Amino acid sequence: MEITIHSAITFAQIIPERLQVEGPYSPGWTWFGIWLAAVFTLSMYSFLYKDNPVFKFGEHMYVGISVGYYICLTWFNIMRPNLFDKIIGDPGFYWYLVFPGILGVMMLFRFSRSLSWVSRYPLAYYVAAGAGLAIPAIIQAYILAQMHSTFNPLWVSDLTVVELFTQKDVMKEVLVNFFTQIVIFVGVLSVLIYFFFSLEHRGAVGRISQVGIWFLMITFGASFGYTVMARISLLIGRMQFILGDWLGLKLG
Amino acid sequence: MTFFDKMLKIDRRWIYLLVALAVIIPLLNPIGLPITITEPAQDIFDYMDKLPEGANVLIAIDFDPSSKPELDPMLRALFRHCFSKRLHMVVVTLWPAGAALGEDAVATVVGEFNSFYKEELADPDKGSAFVQEKYGVVKEGDEDYLVSGVDYSYLGFKPGSALVVLGLGDSFTKTYPTDYSGNQTTNQEIFKNLKSLSDLDFMMDIAAGATVEMWITYGKERFKFDMGAGCTAVSATQYYPFLNSGQILGLLGGLKGAAEYEKMVLTAGYWHKPGPATQGMDAQSIVHTMTAIIVIFTNIFFLMQRTRRKEEE
Amino acid sequence: MNLLKKQIPITIAFLTGIFMWWQYYIPHHSIQNIYNIMISWELIIAGFALVVGIYSLLHHHANKIRRKTPQWGFSVVVYIAMFAMVINGFYSKQNGFGDPQNILMGGNFQWMFNYIQVPMQATMFSLLAFYIVSAAYRSFRARTKEATILLITAVIVMMGRVPLGEVIFGPKLPEFTEWILKTPSMAAQRGILLGVGLAIVATSLRIIFGIERTYMGGGAD
């Protein structure tokens, strides 16, 4: 009894004050969790030096935890509420759910050498349904809506050119819109022509394709700039954890 | 080996060390650089701010832990905005790992609001009148300010992406018979006025992958609701066509987008302290500047090296 | 046997694809009711697809353990971690066995997710930060006109998107960056999007009409 109380007091003393607050977990478990997370974080970073058993251990631990997570999620969020609870709870009304259940089980035949063709039935249903749903949706969202906004009016003012010269702010807006719409139209058209490989890129087509390539280089450059931001953000997040949560240093 | 050759062959581990220092030093010694708000971010904030009390908002958490540093701050700022405006919030996720992330974010933000509410109600300097003014309601006894099934509902994960969106377009309660805690959704008050996607006042997709396009294609175009998007910086450039066509009202891109939204929420008084995205922008600035300098100088050295080789030939 | 293995699946694909395509244009309630039932069936089948993925991974590691391939010990770690997570997800002292409350905040399941899965997955991806700067240093060279345009745009966007860029170069830089993203970059992305949209429609038609059958996989032909 005395040893237990002493251990508890000693243990409590190493938990920093910032963790001695009410949360979803006790301060002890939170402290242990933060240390575990920090150890795993540093084991992952050891890969920067070179591949090593500590990194491999962490990597495989992560794979195992993920698989366990997916198993629980599949049961609690999908199988139980959408299938089993309904069939078992009200078989008179939900009897028809047995059919998708059978189709689902047929998908597992994919792993059998002699009966793998059985999995083609649910796959054919699932993939073809997705394909059928995609056709009108993609035509509407990707093609029609995008083409519609490419062909916006170049001149967006009711005023005449003479009247515009007397209203410099409005004229600036109208001219900026005019220029922007021209750039968008030229950009979209030249990129589409560049991707049309059935025509040889020579002469006029070649010159327009070259313009398309420049537009593509601009977007790839912008993507690269943004990608640097994205990757650095991930590192910043981990450093905030290591410095703030683990080492308890004051940030920001 | 010339100076230019040496500069172009530095061991990559020195670069790694530079990157680490460029992140750590600004985090420990913040500069406090001002964050300007871009128009796509402002548009989302303004739209949400104009929604009346009790409006139905759907938030989709479509990311996993690999994008958490960029998107989780955005998500929490959004939650705080919704709860401060007393909007009815339904949260779903189409990514498996997003389910537990969503549980963490919802439970944490709801817990914060509930504990602030109780503290301010019990505070003798504030009390019922203050709480009525700030929260719009005074609840009896130990009742929580935010109640699951009434003010918000966290539905969790379903597989199938586009199928889930189409299912929600038919019925929320049929697609999600239970919420993430296992409670029946048919009994929840929040779904009395929110039968399907057509009843939404606004939808926000916080996404690490291509789910924004999917919500637009199978959701917004078919069921005609207004939507905005928050995304990782990697995918931000590909959503500008949808912003231009009006298919999304606004866009929050990466950590900068998250910092902008945190700033707007803070300035409007919906939260009391800067979030992790705002903290990280100084480090982001330093690393970007360092990378730009590295790129410019290595190209100068490369050009000098090429010129020198041509002269030698 | 060809009928069962090939012809019937292709017929199912055709009928399902045509129905799901044309229901979009027929708002009649009888068609929409059938459509809603088919969507609910697909949600359940998608759940089983997750089961296929889980089984595939576990089977791979089980084979490594059985054959004692090099570093098979790590596959044992996978199984131990998986069982730990599953046990905590399905059972807790407070709620007992099989209660959905076991996966909520405050339970061991969520604890393991927050303190093991999240840090490891986040850290793995944060390694890319080092690699991207290192790659920019080692290989980002303006060898051609096109590469120069890419490089200049990248530098402008990198500086324009952070507060320090505005402090050094003034408010015009973020405005110019926004213009690049909203105009020339957006135009190119729209061109790509239109191309992708047409490709998706073409591939969907090929799947429905049975020309594209690679999704069926498994078994002879």
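Which strands of chain B does helix H9 (residues 211-223) lie across? Helix H9 of chain B lies across E1, E4 and E5 of chain B. It runs at about 150° to E4(B). Axes here are lines fitted to C-alpha atoms, for helices over the stretch in contact, and angles run from 0 to 180 degrees between N-to-C directions.

The model is predicted: local features need pLDDT of at least 70, side-chain atom pairs count only at pLDDT 80 or more, and totals for chains, interfaces and linings use all residues. Residues are numbered from 1 along each chain as its sequence is written, while chains are lettered from A and ligands numbered from 1 in the order in which they are written.

Chain B contains 13 helices and six strands. Helices (H or I, at least four residues) and strands (E, at least two) are DSSP runs, numbered from the N terminus. The C-alpha atoms of chain B fill a box of roughly 85 × 50 × 30 Å along the principal axes. Of its 313 residues, 54% count as buried. A residue is buried if 20 or more other C-beta atoms, placed from the backbone, lie within 10 Å of its own. Among contacts in chain B with a separation of 6 or more, 73% link residues 24 or more positions apart. Two residues are in contact if their C-beta atoms, placed from the backbone, lie within 7 Å.

The six strands of an open sheet in chain B follow the order E3-E2-E1-E4-E5-E6, with parallel pairing. Strands pair if DSSP finds at least two bridges between them. Strand E3 (152-157) and strand E6 (251-253) of chain B are the edges, each pairing on one side only. Neighbouring strands are turned by 10° against each other on average, direction ignored. Six bridges join E1 (residues 56-62) to E4 (residues 202-207) of chain B. Ile59(B) stands opposite Met204(B) in E4(B). Helix H4 (residues 68-84) of chain B also packs on the sheet, touching E1, E2, E4, E5 and E6 of chain B. Its direction makes about 160° with that of E4(B).

Chain C touches both other chains. Its contact with chain A takes 102 residues from chain C and 100 residues from chain A. H4(C) gives the largest share of the chain C side, 21 residues. By class, that side has 76 nonpolar, 21 polar and five charged residues. Ala, Val, Leu, Ile, Met, Phe, Trp, Tyr, Cys and Pro count as nonpolar, Asp, Glu, Lys and Arg as charged, and the others, Gly among them, as polar.

The contact with chain B takes 49 residues from chain C and 48 residues from chain B. H4(C) again gives the largest share of the chain C side, 14 residues.

Definitions and conventions. A residue is buried if 20 or more other C-beta atoms lie within 10 Å of its own, exposed if 12 or fewer, and partly exposed in between; C-beta atoms are placed from the backbone.
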